[in-house]
Amino acid sequence: MAAQVDQVQSQFVESIAPGGMGRTRSFWRVFAEKKTALFGLVVMLLAIAVALAAPLLAPQGPTHLYDALLSPPSSQHPFGTDPLGRDVMSGIVWGTRISLLFAVGVAGLSLLIGVLLGAIPGYYGGRVDDLFSRFFEVFLMIPRFFLIILVVAVFGQNIIFTAIVVGMTSWVTNARLTRAQVLTIKERTFVKASMATGASHARVLFRHILPNGLYPVIANSSLEMAGAIIIEAALSFLGLGDSNHLSWGQLLFSAQLHIHSWWLALFPGLAITLLVFAFNLIGDGISYAFNPRLRGRG
Amino acid sequence: MSVGRLPRYVVRRVLQFVPVILAVLIFNFVLIKIAPGDPALTMAGEWATKEQVELVRQKWGLDQPLMTQLLRYLGNLLGGDLGFSYHYHMPVLDVIMLRLPKTLLLVLTSMIMGIVLGTLIGVYSASRYGTRLDLVASVLSLAFYSIPVFWLGLLLIIVFGLNLKLFPYTGYISFGVKGAFSVVVDVLWHMVMPSVTLMACLYIPVFLRISRASVVEVMKEDYITTARAAGLGERAVFMRHALRNAIVPVVQMVGIWMSQALTGVVLTETVFSWPGMGTLMYTAIIMRDYPLLMGIFLITAVWVVLTFLAVDVATAYLDPRVTYE
C-alpha cells in the first residue's frame with residue numbers, strides 16, 4: 001500500500017516537474033552545439049583513456065631509469081629524459097592518473113559538502129538561512145590558498161590528505177549555488193504539490209528539488225576540477241607535493257632546477273594547461289546548455 | 001543608497017569581519033597546538049638552542065593552561081607582536097613590512113594594466129557579440145586562464161631570459177645601480193616578465209570575460225530596448241546606457257582580485273625570485289618558519305577583509321539599487 005501511494009505520488013509530481021528524458025536529450029543537443037565544449041569533452045575522454053591505458057602506453061613505468069640522462073626529445077624519448085634518466089613522456093602518462101583522481105576527489109568532496117550545507121539554508125530559510133549565509137561569507141574571506149599551504153606544510157605531504165584539505169576548503173561556491181537554487185525551486189508548483197501529498201522533507205529535497213537544481217553545481221564542479229589540477233601542480237611546484245606519487249606538478253618542480261633543459265618544463269606544463277582548459281570549456285558548456293539566459297541573442 | 005546611511009552600514013560590515021580575523025587567529029593557534037612535536041620547538045625553529053626554546057615557552061605561556069595561552073597569544077597580537085622569525089632574526093611584522101611594498105608594486109601595476117587592457121578587449125568583443133572575433137577572444141581568454149602562472153613564467157625565463165637574454169628574470173633590481181632615475185628604470189625592467197605573466201594568465205582573461213559577459217547581459221535588458229525604441233542610435237545606446245550599467249560587476253571583480261593580491265602572486269614571485277610576500281612565504285615554508293607563516297596568513301586575512309569593505313562601499317556608491325539591508 002505504502003509503495004503504491006509512493007508510486008502514484010511520484011507520477012503525479014513528475015508529470016508537472018520540468019525533468020525527464022526530454023530535457024536530457026535537449027541538454028546534449030545544446031551542449032554539442034557548442035564546439036568548444038565538445039572539444040573539452042574529447043580532451044577529457046582522451047585523458048581518461050591515457051590514464052586507463054598507462055601500463056600499455058608506458059610499460060616501463062614512470063620511475064624506470066634509462067641510461068640517457070637529461071636527453072633532449074629524440075625518437076626513443078619523444079619528450080626527453082630528466083636528470084635521473086626517467087622518461088618524461090612516461091611521467092606524463094602515469095601522472096594523468098594522479099591529476100585526474102586528485103581532481104575528481106576534490107570536486108566530489110566539495111560537491112558533497114557544498115550541496116548538503118547549501119540545501120539546508122535554502123530549504124528552511126529564515127534564521128537558519130541567515131546563520132548559514134553569514135558562515136559562508138566568513139569562510140569565503142579566509143585566504144584559501146594560504147590555508148591549504150599552511151596545513152600541508154605542517155601536517156606533511158600526502159596526496160590523499162592534500163585532496164581532502166583542498167576539497168574541504170573549496171565547497172563554498174557549491175553551497176551558495178545550491179542555496180540559491182533550492183530557494184527558488186522550493187516555490188515551484190511541482191514542489192508544493194509534492195509537499196501537499198505529504199512527502200517528507202528529505203524526499204522533497206532529495207527527490208524533487210535537488211535533481212532539478214543541480215546544474216550550476218555540476219558546471220562549477222567542472223571548473224573546480226580545473227582548479228584542483230592547478231592547485232596540486234602549484235603545491236608540488238612549491239615543494240609541497242607528495243614525492244611518492246609522480247604528478248604533473250612534480251615533473252614541473254624538477255624542471256625548475258634544470259632550467260636549461262627546456263623539455264622538462266614544456267611538456268608537463270602543456271599537459272596541465274590542456275586538461276585544465278578542457279575542464280573549463282566543459283564547465284562553460286554545461287552552464288550554456290542549462291541556462292537559457294546565456295543563449296538568447298541580444 | 002543615501003550617503004547618510006553609509007556609516008551604519010560600514011559599522012555592520014566591520015562587525016562581520018571580526019569573526020574572520022578571529023577564525024584565522026584560532027586556526028593559527030590550534031594548528032601549532034596539534035602540529036606534531038613540541039609547540040615551543042615548532043615556534044622557535046629546528047635549530048634553536050635550549051635557552052631559546054625556553055624563552056619562547058615562557059613568552060607565549062606554553063606551560064600555562066590552554067585558555068591562558070590563547071589569551072596571551074591574542075594579547076601579544078594586539079600589542080603588534082606577531083612573533084619572531086628565527087630564519088630572519090627579526091620580528092615577523094618587520095619582515096613582512098619590508099616585503100609588502102614590493103608585492104604591492106608588482107601586483108598593482110600588473111592589475112591596473114590588466115584591468116584596462118582586459119576591459120577594453122572585453123567591451124569591444126561584446127560590441128561584436130556573436131562574430132568570429134568575439135568567439136576567438138572568448139576561447140583565447142579561457143585558454144590563457146588555464147595556463148598555470150608558474151609554467152608560463154618558466155617558459156618566459158627560458159625563452160626571453162636564458163636564450164634571448166632580453167629581460168632579467170631574478171630579483172627586482174640589479175646590483176650596484178645608483179641614481180633615482182636609473183633605479184626606477186632598472187626596477188621597471190625587472191618587472192616586465194613577472195607583470196606579463198600575471199597579466200596573461202590572470203588579469204587580462206579575467207577582466208576580458210567579466211566585462212564582456214556583463215555588457216552582453218546588460219544589452220538584453222528592457223531599458224536598452226526602450227532606449228532603442230526611443231530612437232537612440234546604436235552607438236549612443238551602447239555608450240550611454242550599456243557601459244554605465246555594466247561597470248558594477250567589473251568593479252566587484254576588481255575587488256575580488258584586489259583581495260587576492262597577496263595570495264595570487266605567490267607562484268609568480270617564486271618563479272621570478274621577486275622579493276615580495278610570495279617569496280617570503282616560500283622561504284617560510286622551506287625553512288619551516290611557522291611564526292612567519294602564521295604572520296603572513298594573518299596579515300593576508302586583514303588585507304582581504306579591508307578590500308572587501310572597500311568593494312562594498314564602491315558598489316554601494318556606483319549602484320543606487322544596492323542597499324545592503
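1. Helices here are DSSP runs (H or I, at least four residues), numbered from the N terminus.

2. A word on the source: this is a predicted model, where local features need pLDDT of at least 70 and side-chain atom pairs count only at pLDDT 80 or more, while totals for chains, interfaces and linings use all residues. Residues are numbered from 1 along each chain as written, and chains are lettered from A and ligands numbered from 1 in the order written.

3. Who meets whom? A:Phe277, A:Asn280, A:Leu281 and A:Asp284 of helix 14 of chain A are in contact with B:Leu142, B:Ala143 and B:Tyr145 of helix 6 of chain B (C-beta atoms, placed from the backbone, within 7 Å).

4. Within chain B, helix 7 (residues 149–163) packs with helix 8 (residues 180–218) at about 140°, their axes 9 Å apart. This angle makes helix 7 of chain B oblique to helix 8 of chain B. Among the residues making the contact are B:Leu152 and B:Phe160 of helix 7 of chain B, and B:Met193 and B:Leu202 of helix 8 of chain B.

5. Finally, B:Leu293: leaving aside neighbours within four places in sequence, B:Leu293 is in contact with A:Leu150, A:Ala153, B:Ala284 and B:Ile285.

Methods. Two residues are in contact if their C-beta atoms, placed from the backbone, lie within 7 Å. Helices (H or I, at least four residues) and strands (E, at least two) are DSSP runs, numbered from the N terminus. Axes are lines fitted to C-alpha atoms, for helices over the stretch in contact, and angles run from 0 to 180 degrees between N-to-C directions. Angles under 35 degrees count as roughly parallel, over 145 as roughly antiparallel, 65 to 115 as roughly perpendicular and the rest as oblique.
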